[in-house]
Amino acid sequence: MKDERWMLFVFFMVGWLVIGCDYARMTSDEAHDTYEAYFPIMPQDNVSVSGGTTALRQAGPDALINPLKEGGPAIAAGRAGYANFCVHCHGARGDGRATVGQSFAPLPTDLRSERVQSQSDGELFYKIGFGYERHPPLIHSMMEEDIWAVIILMRDASSFHE
Ligand code: HEC
């Protein structure tokens, strides 16, 4: 008598599992059919080879002109850009003595130095954007306008506090 009740219980549990799980849906899940899908045919000329950052790179540093005007809004945007993308290497003072920068050899350049300040905005944009020696290219992380704004900020000695 006891054994029968035990079997009934098992029968009930198995039945519950079978009904409870929507097996049909699980086996027709996308994950099972991944390799059955055909790769979509890509339209020709899908990858841009002009415009965007390619145009900037091709133009070269001498042709790049800062589109922003000096002054409040550019400085504010520059300050935000510097805080997000530069300060951990170049430091609040711009002297290149910040935490992350210390692992670089050479150390990040002093942004107040003659070497940096004597370069045109276009040259600086090009180096910051596309990378320079050990410098990471930032054009894919930052908006173009923000790089230009940071350059305006860098021109102002009062941007960097001691
Ligand atoms: C990951 C660290 C790092 C970040 C982030 C970084 N820099 Fe640099 N920067 C460096 C290093 C290292 C150098 C020195 C590169 C060399 O001379 O090889 C350098 C050099 C420079 C130079 C000098 C270029 C020259 O002509 O010698 C400028 C200007 C500059 N950085 C600006 C910036 C600005 C502006 C930002 C933020 C938008 C920035 N960097 C973000 C590490 C960094």
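**Entry 1: α8 against α9**

I looked up which residues of α8 meet α9. From α8 I found Asp 121, Leu 124, Phe 125, Ile 128 and Gly 129. Facing them in α9 are Ile 147, Trp 148 and Ile 151. I sorted this contact by class and got 6 nonpolar, 1 polar and 1 charged residues. I note here that the model is predicted.

Next I took the geometry. α8 and α9, the latter spanning residues 144–155, pack at an angle of about 125°. Their axes are 10 Å apart. That angle makes α8 oblique to α9. I also checked the hand: α8 passes α9 in a right-handed crossing.

I kept one rule in mind while reading the contact list. An α-helix has 3.6 residues a turn, so residues three or four places apart point the same way.

**Entry 2: α5 against α9**

I turned to α5, residues 72–85. α5 packs on α9 at an angle of about 105°, with the axes 7 Å apart. Angles of 65 to 115 degrees count as roughly perpendicular, and α5 and α9 are therefore roughly perpendicular to each other.

I listed the contact. α5 gives Ala 74, Ile 75, Ala 77, Gly 78, Arg 79, Gly 81 and Tyr 82. α9 gives Glu 145, Asp 146, Ala 149, Val 150, Ile 152 and Leu 153. By class I read 8 nonpolar, 2 polar and 3 charged residues.

**Entry 3: Tyr 82**

I picked out Tyr 82, which sits in helix α5. Is Tyr 82 buried or exposed? Tyr 82 counts as buried because it has 21 C-beta neighbours inside 10 Å, and the threshold is 20 or more. Leaving aside residues up to four places away in sequence, Tyr 82 touches Val 87, Val 150 and Leu 153. I also looked up its separation from Asp 146.

**Entry 4: the ligand shell**

I moved to the ligand. There are 23 residues around the ligand. Those that come nearest are Cys 86, Cys 89, Pro 108, Glu 133 and Arg 134. Which elements give two or more residues to the shell? I found α6 (87–90), α7 (114–117) and α8 (121–130). The largest share comes from α8, with 3 residues. By class, the shell has 15 nonpolar, 4 polar and 4 charged residues.

**Entry 5: α4**

Last, I checked α4, residues 52–59. This helix is hardly covered: the count of buried residues among its 8 residues is 0. Just after α4, I noted that Gly 60 takes a positive phi of about 85°.

Note on methods:
Residues are numbered from 1 along each chain as its sequence is written. This is a predicted model: local features need pLDDT of at least 70, side-chain atom pairs count only at pLDDT 80 or more; totals for chains, interfaces and linings use all residues. A residue is near a molecule or strand if its C-beta atom, placed from the backbone, lies within 6 Å of it. Helices (H or I, at least four residues) and strands (E, at least two) are DSSP runs, numbered from the N terminus. Ala, Val, Leu, Ile, Met, Phe, Trp, Tyr, Cys and Pro count as nonpolar, Asp, Glu, Lys and Arg as charged, and the others, Gly among them, as polar. Axes are lines fitted to C-alpha atoms, for helices over the stretch in contact, and angles run from 0 to 180 degrees between N-to-C directions. Angles under 35 degrees count as roughly parallel, over 145 as roughly antiparallel, 65 to 115 as roughly perpendicular and the rest as oblique. A crossing is left-handed if the near helix is turned anticlockwise from the far one by less than a right angle, and right-handed if clockwise. Two residues are in contact if their C-beta atoms, placed from the backbone, lie within 7 Å. A residue is buried if 20 or more other C-beta atoms lie within 10 Å of its own, exposed if 12 or fewer, and partly exposed in between; C-beta atoms are placed from the backbone.
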